[in-house]
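Have it open while you read.

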Amino acid sequence: MAGRRPLPTKRKELQGTMRADRRNGEEPQPEVKIPKTPDGLTGEAKAEWDRLTPQLKQLGLLSDIDRTALLYYCQYHARYHEAMQKIEEEGLVIEHETRGTCANPYVKISNDAASMVHKFLVEFGMTPSSRSRVKVGKKEEPKEGRIAKLLQIK
């Protein structure tokens, strides 16, 4: 079936587009938390994981079930940076023994990784266009706290 993929309720709430009549009452609501860092995640991928997970948790957009998607994002992010480093070292065009002058294969690797990184960024609402639709309201004080303040005699 063609058409847009549905957005999670949390994204709709942050964007301010949530309508009660379109709420999926059966949508899973996983606990908001930072997943365990995957074993073997090192270097640039680990640095990106550590940079990004607290921010996504703060927005309420991260749970254990998102671990694999975030892992893939971090791995493609690291692959992109590695390919760009190789391009800087070797240049966009290289000399091949049998084919002569040709495009550096790391250009395709970096382009493919950048494309995948972008797809994951959109999924998590981390591009300027997807983020521009997100509205983060002030955190509301729990009702118990407001009632206690009202009952305090000064």
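The points below go from the overall fold to the strand pair and then to one serine.

1. Ground rules. This is a predicted model, with local features needing pLDDT of at least 70, side-chain atom pairs counting only at pLDDT 80 or more, and totals for chains, interfaces and linings using all residues. Numbering runs from 1 along each chain as its sequence is written, and side-chain values use heavy atoms, with hydrogens and water left out.

2. Overall fold. You'll find six helices and two strands in the chain, where helices (H or I, at least four residues) and strands (E, at least two) are DSSP runs numbered from the N terminus. Along the sequence the order reads α-α-α-β-β-α-α-α.

3. Of the 154 residues, 25% are buried (under 20% relative accessible area, 1.4 Å probe, protein chains only). Take the contacts (heavy atoms within 4.5 Å) between residues at least 6 apart in sequence: 59% of them join residues at least 24 apart.

4. β1 (residues 93-96) and β2 (residues 100-103) run antiparallel and are joined by four bridges; pairing takes at least two DSSP bridges. A hairpin of three residues connects β1 to β2. For one of the bridges, look at E95, whose partner in β2 is T101.

5. S110. This serine sits in helix α4 (residues 105-123). S110 counts as buried because its relative accessibility is 4%. Leaving aside residues up to four places away in sequence, S110 touches Y80, A83, M84 and I87.

How values were computed:
Buried means under 20% relative accessible area, exposed over 50%, partly exposed in between (1.4 Å probe, protein chains only).
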